Number of protein chains: 2
Amino acid sequence: MNPRPKLRSPPLAPAFFPSSPPSPPPSSHNSKASTSKMPRKSLLRPTLAITCFLALFTLYSFLFYTPPNYTSNTSIKLGNHDSSDASKKARIYLYDLPRRFTYGVIESYAAARGGEPVENDALLKYPGNQHSAECLVVNPIRPATMNVSHDRAAYNDEQTQEDLMEWLEEQVYWKRNNGWDHVIICQDPNALYKVIDRVKNGVLLVSDFGRLARNQASLVKDVIMPYSHRIKTYEGDIGLEKRKSLLFFMGNRYRKEGGKIRDLLFHVLENEREVIIKHGAQSRESRRAASQGMHTSKFCLHPAGDTPSACRLFDAIVSLCIPVIVSDHIELPFEDAIDYRKIAIFVDSSTAVTPGNLVKLLRRVSPGKILEFQKELKKVKRYFEYEDPDGTVKEIWRQVASKLPLIKLMSNRDKRIVVRDLVEQDCACLCSNQSGVHTTLR
Amino acid sequence: MNPRPKLRSPPLAPAFFPSSPPSPPPSSHNSKASTSKMPRKSLLRPTLAITCFLALFTLYSFLFYTPPNYTSNTSIKLGNHDSSDASKKARIYLYDLPRRFTYGVIESYAAARGGEPVENDALLKYPGNQHSAECLVVNPIRPATMNVSHDRAAYNDEQTQEDLMEWLEEQVYWKRNNGWDHVIICQDPNALYKVIDRVKNGVLLVSDFGRLARNQASLVKDVIMPYSHRIKTYEGDIGLEKRKSLLFFMGNRYRKEGGKIRDLLFHVLENEREVIIKHGAQSRESRRAASQGMHTSKFCLHPAGDTPSACRLFDAIVSLCIPVIVSDHIELPFEDAIDYRKIAIFVDSSTAVTPGNLVKLLRRVSPGKILEFQKELKKVKRYFEYEDPDGTVKEIWRQVASKLPLIKLMSNRDKRIVVRDLVEQDCACLCSNQSGVHTTLR
């Protein structure tokens with residue numbers, strides 16, 4: 001159970017890193033950075049963020065509470081924890097979006113569910129969810145699963161996306177650097193799908209690249225953010241005594257795309273001893289059962305969902321239940337800082353669905369090795385806690401900040417590029433020549 | 001005239017950024033970084049560099065003089081000039097390469113030109129050149145232009161490349177991260193061409209991407225470094241009095257590939273008044289004439305060479321002669337820190353070769369605007385001075401260091417990637433959707 005689901009959601013915001021401070025002068029937290037003139041120092045220049053789309057007001061209240069003026073700002077520390085690097089700050093500015101893109105959306109969401117109008121915007125309840133952007137109220141791709149009332153006319157998601165882009169493209173800060181210096185949350189795999197080609201210059205905060213093309217999003221430009229974990233954090237210490245089950249999974253057996261592997265895994269696992277594998281849909285009751293299962297198992301299965309990522313991985317991590325990842329195309333949050341081989345076991349799909357393979361592999365893991373994994377899980381758990389001041393939100397901004405040199409490069413370059421004969425699109429790539437392993441377990 | 005050509009060349013080195021310090025413990029300049037255990041701090045972990053290929057010993061003597069032990073190291077300050085960020089250091093380790101890849105190459109080079117053997121390696125002369133890697137002695141692609149004697153059997157460049165790779169791939173630090181944390185200089189467009197696919201994971205220090213495929217090198221992974229300027233720095237102040245010519249160019253009229261534009265530019269420019277455009281090959285005498293011309297002209301033409309880049313751009317910058325860049329596919333050094341529109345004029349090829357266009361454009365630039373350009377040139381000049389302690393070498397390492405998060409990400413990711421069905425190569429890209437301008441001059 002999540003005690004404050006609405007505050008767990010990360011900010012949903014496009015952000016700017018302009019080459020000069022915005023015209024409505026912000027209150028200066030870091031005058032050094034904003035008055036700096038040398039190109040060398042531009043790495044540390046103020047950043048301008050605009051609050052965007054639906055959940056932005058959570059950003060205001062949660063991360064950067066500000067009075068209701070045009071732009072708000074905050075300064076974010078980059079790099080490590082050393083107190084001597086106070087000069088290393090990036091500045092984020094938030095757009096104060098028109099109400100129809102913030103409270104207005106939530107209002108429609110509530111109205112569509114028969115909610116009464118409220119007197120004060122502060123009384124509107126932000127729908128808690130594994131995705132910050134999940135409040136795409138009427139998601140046209142899967143309306144059947146959303147259990148929405150018939151009062152749909154109140155809100156048109158596609159139209160709202162178009163309207164938002166129209167508004168954004170009029171903004172001086174958007175035009176200034178062609179969007180390169182904006183940060184945009186679109187964690188739901190369908191978020192902003194209608195306008196993604198128009199926002200793609202920005203740093204996108206996403207769950208994975210399942211529905212995004214290579215020229216829209218990538219590890220280089222964007223940030224993979226964790227889902228909000230949906231079950232309780234395990235507060236106990238490392239150990240095996242209370243973890244009698246070998247492997248646990250509970251979730252939807254039937255998914256689309258890469259998620260089809262789930263049914264295959266059910267087939268090979270459901271009759272294995274010490275393995276608990278259950279079909280279950282989202283509900284408070286299931287979450288309670290999942291908490292219980294994850295807190296009492298050594299390993300937790302993480303198969304792909306409709307896209308390569310799913311919230312279950314993060315549930316497992318905060319449960320100190322060693323994730324067994326069967327999702328060949330998964331991308332992971334903060335992978336520059338976290339060596340996932342130390343906290344999880346990766347198994348390729350065909351190995352995992354070969355009868356007997358997976359349990360045999362897991363049974364071979366020694367108690368000592370399990371404790372090592374648990375110890376590492378405990379160390380990195382904070383990265384997946386949105387509420388920890390030293391947790392997810394801070395880490396997301398560190399990741400964003402590490403992209404500043406590339407953002408500056410692309411902004412400068414775009415403006416001087418001349419008309420060219422190109423045989424293919426103008427892309428800078430980082431290509432892996434890794435052929436892959438069957439499992440990281442040794 | 002370059003008073004110390006051999007010291008102008010930048011280091012030629014592949015470097016590592018290992019997840020743990022190398023086994024031969026280095027003298028610790030920054031014990032804090034090397035003892036750090038938290039994944040969060042790994043950004044600041046020590047870096048391990050290996051000296052590579054031909055010119056490496058200049059790196060030892062010029063940048064990091066060290067006693068002749070196995071590895072040498074230095075710590076490099078990242079970020080801005082603020083003294084408070086002393087903790088932000090990356091550490092570079094240099095391989096002490098077998099002699100045949102360092103002094104041995106220079107020895108062959110000298111022998112092939114009839115030089116006498118020397119008693120002491122310190123007496124060997126490193127051939128000064130616009131490229132650090134230009135000492136590919138017997139460059140098989142253009143032997144005719146190299147004026148090499150018949151004693152070629154002494155050195156086989158392709159074989160040396162193969163031998164170097166064989167040696168490198170045996171090294172524990174290379175194997176540890178599959179080369180991602182190595183820095184490799186290959187500034188000559190042909191440098192390492194024979195083995196480029198085997199070193200491509202590393203951060204390549206290059207002039208441009210003219211002869212490199214998209215999956216070998218890119219703005220994201222690699223660093224564009226400036227050529228060593230070949231003519232004297234202009235030491236005078238900004239101003240127009242001494243700059244009577246409008247536009248100056250001196251260089252080879254006939255080049256391959258994109259360089260074919262040069263002949264077209266000669267045609268449209270050679271009869272224009274106040275324009276000096278001369279065919280000239282490399283020689284001490286030409287360099288003197290070029291210095292004179294660049295120091296007394298307002299604008300200096302920079303057409304593409306065999307590849308999009310050429311040393312002339314950097315000659316122009318240090319001459320405070322505003323570069324007029326006609327090279328549609330040029331990539332520029334340090335473009336995150338330098339807004340080249342402030343120091344140069346970009347004109348697309350077809351606009352530039354239309355008779356009358358270019359001079360008309362340039363004649364319209366007001367004296368005030370020219371002074372502005374000169375002022376900016378003066379500001380950024382240091383970036384192109386290899387000998388300035390606050391110059392090119394420092395900036396190259398800052399660029400390399402800014403890639404640390406991506407290097408760590410790719411190293412970690414490579415090791416846990418499982419066997420996958422891929423429809424295309426596994427690349428993370430940053431794509432520009434810019435259609436381009438005809439000129440940046442407004």
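Me: What makes a salt bridge, and how many does the structure hold over all chains?
Reply: A salt bridge is a side-chain nitrogen of Lys or Arg within 4 Å of a carboxyl oxygen of Asp or Glu. The model examined here is predicted. Over all chains, the salt bridges number 50.

Me: Which residue of chain B forms a salt bridge with Arg416(A)?
Reply: The closest N and O atoms of this pair are 3.6 Å apart. The cut-off is 4 Å, so a pair like this counts. The partner of Arg416(A) is Glu331(B).

Me: Why does that pair join two chains?
Reply: Arg416(A) lies in helix 15 of chain A. Its partner sits in the loop between strand 11 (322-326) and strand 12 (345-346) of chain B. One residue is in chain A and the other in chain B, so the pair joins two chains.

Me: In what order do the three strands of the open sheet in chain A stand?
Reply: The pairing in this sheet is parallel. Strand 5 (183-185) and strand 7 (223-224) of chain A are the edge strands, each pairing on one side only. Strand 5 pairs with strand 6 (residues 203-206) of chain A over three bridges. The order is 5-6-7.

Me: Which residue in strand 6 of chain A stands opposite Ile184(A)?
Reply: Strand 5 and strand 6 of chain A run in the parallel sense. Opposite Ile184(A) stands Leu204(A).

Me: Which helix lies across strand 5, strand 6 and strand 7 of chain A?
Reply: The helix covers residues 392-402. It runs at about 150° to strand 6 of chain A. This is helix 14 of chain A.

Me: Why is one side of strand 5 and of strand 7 of chain B left without a neighbour in the sheet?
Reply: Chain B has an open sheet of three strands in the order 5-6-7, with parallel pairing. Strand 5 (183-185) and strand 7 stand at its edges, so each has a single partner strand.

Me: Which residue of strand 6 of chain B stands opposite Ile185(B)?
Reply: Three bridges join strand 5 to strand 6 (residues 203-206) of chain B. Opposite Ile185(B) stands Leu205(B).

Me: What is the volume of the largest cavity?
Reply: The count comes to twelve cavities of 30 Å³ or more. For the largest cavity, the volume is about 430 Å³.

Me: How many residues lining the largest cavity are nonpolar?
Reply: The lining has 31 residues, and among the closest to the centre are Leu406(A) and Leu406(B). Four of the lining residues are polar and eight are charged. The nonpolar ones number 19.

Methods. Residues numbered from 1 in each chain as written. Chains lettered and ligands numbered in written order. Predicted model: local features only at pLDDT ≥ 70, side-chain atom pairs only at ≥ 80, totals over all residues. Heavy atoms only, no water. Pairing = 2+ DSSP bridges. Helix = DSSP H or I, 4+ residues; strand = E, 2+ residues; numbered from the N terminus. Contact = heavy atoms within 4.5 Å. Axes fitted to C-alpha atoms, helices over the stretch in contact; angles between N-to-C directions. 1 Å grid on protein atoms, 1.4 Å probe; cavity = no way out; pocket = protein on both sides within 12 Å on 5 of 7 lines; lining within 4 Å. Points joined across faces, edges and corners; volume = space filled by probe spheres on them. Nonpolar A, V, L, I, M, F, W, Y, C, P; charged D, E, K, R; others polar.
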